[in-house]
Amino acid sequence: MGYKESYQIWVDDPYFDAQTKAQLKEIAGDEKEIEERFYKDLEFGTAGLRGILGAGTNRMNVYTVRKATQGLANYIISQKKQSQGVAIAFDSRHMSPEFADESARTLAANGIKAYVFESLRPTPELSFAVRYLGCAAGINITASHNPPEYNGYKVYWEDGAQITPPHDKGIMDEVKKITDYSTAKTMSFYEAKQAGLYEVIGKEIDDAYNEELKKLVLNQDAIRRMQKEIKIVYTPLHGTGNLPVRRVLKELGFDNVYVVKEQELPNGDFPTVSYPNPESKEAFELGLKLAQEVDADLILATDPDADRLGVYVKDKAGDYQVLTGNMSGTLIAEYLISEKTKRNAVEQDAAIIKSIVTTNMVDEVAKHYHVRLIEVLTGFKYIGRQILEFEKQGSGSYLFGLEESYGCLPGDYARDKDAVAATMVLCEAAAYYQTEGKTLWDVMLEMYERYGYYKDSVTAITLAGKEGIEKIQSIIEELEKNPPANIGAYQVETVRNYRTGLCTCMASGQTTPTNLPESNVLYYELSDGAWVCVRPSGTEPKLKLYYGVKGKDFEDAESKGVSLEKSLNEMVDKYL
């Protein structure tokens, strides 16, 4: 069926509501817009759905959410896990409460109990809730740090991690089988409640989650000593982090926590930023202003679903230094592992887990403390999957996990990255190091001296629409067919092709397995310890270009990074 026919069905079929029909009639005659909305079904990928809000098969709306939930319900029933129920959370975005309710009522209509949070909650708490309640799965309505016009639908399995093989494929297959939207089941809220299949949750999970966070604390005495000295500026960027972050910091004893008032309350328009992403400098403009007013030691920003953390820290000169996700994650790893080592609390089989595009400085931290390092594909679900493997095998213990995209997990109480916990640990670290007369920036500089001056970054090329998606795939295919011998001044030594599952030595032609799941990713190991990785974004219409270098000092690393980024963009530009 073509996009025009799909459009007409949505306009004519009585199954679709009047508001949907009215929205679609407004674009009658706009062939480009109709094609964009109907040329395909919004893809249920390995993490679920993410897309622009609006009417159409390629948009986020109650019908695409209902269809996805019916597919999930069918899979849960096929696995004979329907008695366990499903936990559902949502963030501050437009339509998030409605999509959560829609999901719950579809599950209930399939005889599966839904545990729905009473109001918005952070992603890591949903992951925790799945485990705490013993659910078969979890649904989180969020588009993370995407622009305001987006929303999304993330699916978790019973271990609390986002779905991975075989469950991701199993659920995707069930969703694809549903070609008639009207076959997705639903029932009213009242009927679901009367049947005992719709339960509203909140305080009990909040309390249990908060207690798990506090168990991570290693130096409560340092917090007590510095609780009146440390000054913290925090912004939830109009999202879910406000209450849980402030609660845990208050209960630990931090007295001076200043919240950016303009960004404190939930708002799906994100009116103070064009892009609610703690990786963006714009997200910190109001926080930096407040920090200078109160002379704060650190500035912290969580994204709308509170799984990513952005950081600025004050140096001894009084200037604020930005920490990338690689830097803050490595700093947290250094603090936790060094302190646990002092206490002989690091297991013999302990491991740090990182994604393949995360800084190689983490490798040096692992070596320094004689801890195993494990690499996984990009996406925190693979870190969660590795924790599950430890549990299944009865060997291997989780110490810390991180990825370059501003996410880490300091404990195994949840299986997704947790910016609430990261905020707490970083504040504790600031208090501890202050007892030694050091700022967090001092510690970062010490780490560069000890491990090397690593410079890691990512750039992205946005290619929106149907043509953009096709262009992104064609670039990957061209690079796969014609691997470069050099990228700028660096020689390509090894190509890791995660789609074919092979690593190829460029000098000898010998191949070895990647030993990781299939993924549409190309990774180049370069001379002089540098590296490059090219992959499509899993959540936005972007081609992502990652790279890392190691320099003799800051200036050398910065210069090498700028040069490599330029060469990388030139390499890709040939195919645009």
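Analyst: In this predicted model, four strands, in the order β13-β12-β14-β15, form an open sheet with mixed pairing, where a strand is a DSSP run of E of at least two residues and a helix a run of H or I of at least four, both numbered from the N terminus, and where two strands pair if DSSP finds at least two bridges between them. Strands of a sheet pair through backbone hydrogen bonds, either parallel or antiparallel. The edges of this sheet are β13 (372-376) and β15 (407-409), each of which pairs on one side only. On average, neighbouring strands are turned by 20 degrees against each other, direction ignored; axes here are lines fitted to C-alpha atoms, for helices over the stretch in contact, and angles run from 0 to 180 degrees between N-to-C directions.

Within the sheet, β12 (residues 350-355) and β14 (residues 397-403) pair in the parallel sense over 5 bridges, and Ala350 stands opposite Ser397 in β14. Helix α13 (residues 325-342) packs on the sheet and touches β12, β14 and β15, contact meaning heavy atoms within 4.5 Å, while its direction makes about 160 degrees with that of β14. Helix α14 (residues 361-368) also packs on the sheet, touching β12, β13 and β14, and its direction makes about 175 degrees with that of β12.

The buried residues of α14 are Met361, Val362, Asp363, Val365 and Ala366, buried meaning under 20% relative accessible area, exposed over 50% and partly exposed in between, with a 1.4 Å probe and protein chains only. Their cover includes α13, β12, β13 and β14, together with α17 (440-451) and β16 (453-462). After α14 comes His370, whose phi is positive, near 55 degrees.

As for cysteines, the structure holds 0 disulfides, a disulfide being a pair of cysteine sulfur atoms within 2.5 Å. Cys408 is accordingly in no disulfide, and the nearest cysteine sulfur, that of Cys427, is 12 Å away. Cys408 counts as buried because its relative accessibility is 6%.

A few conventions apply to this account: residues are numbered from 1 along each chain as its sequence is written, and side-chain values use heavy atoms, with hydrogens and water left out. Local features need pLDDT of at least 70 and side-chain atom pairs count only at pLDDT 80 or more, whereas totals for chains, interfaces and linings use all residues.
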